[in-house]
Amino acid sequence: MEFKNIKFEVIGNICTITMSRPKALNALNRSALEELDQALDLIGKDKNLHLLVITGEGKAFVAGADIVEMSDMTTAEAASFSKFGADVFRRIEKLEMPVIAAVNGFALGGGCELAMCCDIRVASEKAKFGQPETGLGITPGFSGTQRLARLVGPGKAKELLFSCRVIDGREAERIGLVNQAVQHEVLMETVYGLAQEILGKGQIAVRYCKEAVNRGYETDMDTAMDIEKNLFALCFATEDQKEGMTAFTEKRKAEFKTR
Ligand code: CAA
């Protein structure tokens with residue numbers, strides 16, 4: 001498939017999507033969101049893929065939703081754009097495999113929102129995070145108010161939303177917006193190192209962990225415990241569970257087959 005706004009690359013079990021619209025610092029217009037959506041279709045169909053990395057080309061991860069495209073939207077068009085973007089990001093959040101955001105630069109507005117729908121965020125210490133929407137007279141539209149509050153707490157989220165303050169990777173790490181900030185030069189090797197660490201584990205179990213955390217986080221504790229119990233039990237129907245435990249008793253490295 002030919003993409004104009006993203007780069008889609010598969011190496012081994014890892015797919016990397018690079019947001020690539022350099023003339024607008026990778027800003028998300030409708031067409032870029034559509035391509036992201038189509039890329040998710042491709043990923044869902046490829047059984048050999050076990051992990052997705054999302055990053056950006058040049059000095060930006062994503063500098064937000066496209067302000068030029070949004071500038072003359074009607075209320076109905078804004079609602080449709082917001083719903084579409086939020087749905088694509090929700091698909092990323094719900095993708096069975098782990099998704100790591102490698103935040104290389106500006107992650108503003110829709111860019112911060114894209115990073116937040118990923119499971120794990122590793123940032124360059126040079127990255128810049130913020131929700132500048134109120135400075136444009138709008139609110140975030142791709143679920144930023146919701147995920148930011150869940151990640152850093154409502155007080156800090158409101159401070160960032162009300163003030164449009166931009167913070168760097170280290171500050172984002174300090175407030176829990178990203179898992180880790182690293183020197184810019186080692187960002188991608190850190191991300192792929194983490195990816196390999198994850199790929200060395202039982203991938204069905206990894207996916208069930210993602211599902212348990214995501215679904216459990218959105219419900220009450222008793223229901224969440226039930227979700228975990230069911231997924232734990234399902235692991236015992238897999239070859240990976242047999243292999244993982246046999247390898248432990250035989251004091252060797254497990255060879256998982258994702259079955
Ligand atoms: N939409 C459209 N174009 C954008 C853009 C965006 N979000 N961000 C940058 N660009 C364009 C600029 O207009 C510029 O284009 P021209 O060369 O044609 O003038 C080009 O990208 C390069 O940008 P700058 O010259 O501004 O680069 P800089 O290094 O001086 O500044 C920046 C970088 C601080 C990120 C600045 O570009 C900026 O503030 N961008 C907007 C950030 C923003 O407000 N994002 C939130 C958008 S609203 C949103 O995302 C809502 C939502 O949740 C749905």
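**Helix packing and ligand surroundings**

Reply: The crossing of α5 and α6 is right-handed (the near helix is turned clockwise from the far one by less than a right angle; left-handed if anticlockwise). The model is predicted, so that local features require pLDDT of at least 70 and side-chain atom pairs pLDDT 80 or more, while totals for chains, interfaces and linings use all residues. Residues are numbered from 1 along each chain as its sequence is written, and side-chain values use heavy atoms, without hydrogens or water.

Helices here are DSSP runs (H or I, at least four residues), numbered from the N terminus. Helix α5 spans residues 144-152 and helix α6 residues 154-163; their axes lie 7 Å apart at an angle of about 130° (axes are lines fitted to C-alpha atoms over the stretch in contact, with angles from 0 to 180 degrees between N-to-C directions). Helix α5 is therefore oblique to α6 (under 35 degrees is roughly parallel, over 145 roughly antiparallel, 65 to 115 roughly perpendicular, the rest oblique). On α5 the contact (heavy atoms within 4.5 Å) involves Thr 145, Leu 148, Ala 149 and Val 152, and on α6 it involves Pro 154, Lys 156, Ala 157, Leu 160 and Leu 161. These residues comprise 7 nonpolar, 1 polar and 1 charged (Ala, Val, Leu, Ile, Met, Phe, Trp, Tyr, Cys and Pro are nonpolar, Asp, Glu, Lys and Arg charged, the others, Gly among them, polar).

Helix α1 (residues 30-45) packs on helix α3 (residues 75-94) at about 30°, with the axes 10 Å apart. The two are therefore roughly parallel, and their crossing is left-handed. Among the residues in contact are Leu 33, Leu 36 and Leu 40 of α1 and Phe 81, Phe 84 and Phe 89 of α3. By class, this contact has 8 nonpolar, 2 polar and 5 charged residues.

For helix α9 (residues 203-217) and helix α10 (residues 221-235), the axes come within 9 Å and cross at roughly 170°. That makes α9 roughly antiparallel to α10. Residues that meet include Tyr 208 and Arg 215 of α9 and Ile 227 and Leu 231 of α10; the classes are 7 nonpolar, 1 polar and 2 charged.

The ligand is surrounded by 23 residues, the closest being Lys 59, Ala 65, Ile 67, Gly 110 and Glu 113 (a heavy atom within 4 Å counts as near). A side-chain N or O atom of Lys 59 is 2.6 Å from a ligand oxygen atom. A polar side-chain atom of Glu 133 lies 3.0 Å from an oxygen atom of the ligand, and a backbone N or O atom of Lys 23 lies 3.4 Å from one.

Note on methods: A polar contact is a pair of N or O atoms within 3.5 Å; within protein, one must be able to donate a hydrogen and the other to accept it, and residues adjacent in sequence count only if both atoms are side-chain atoms.
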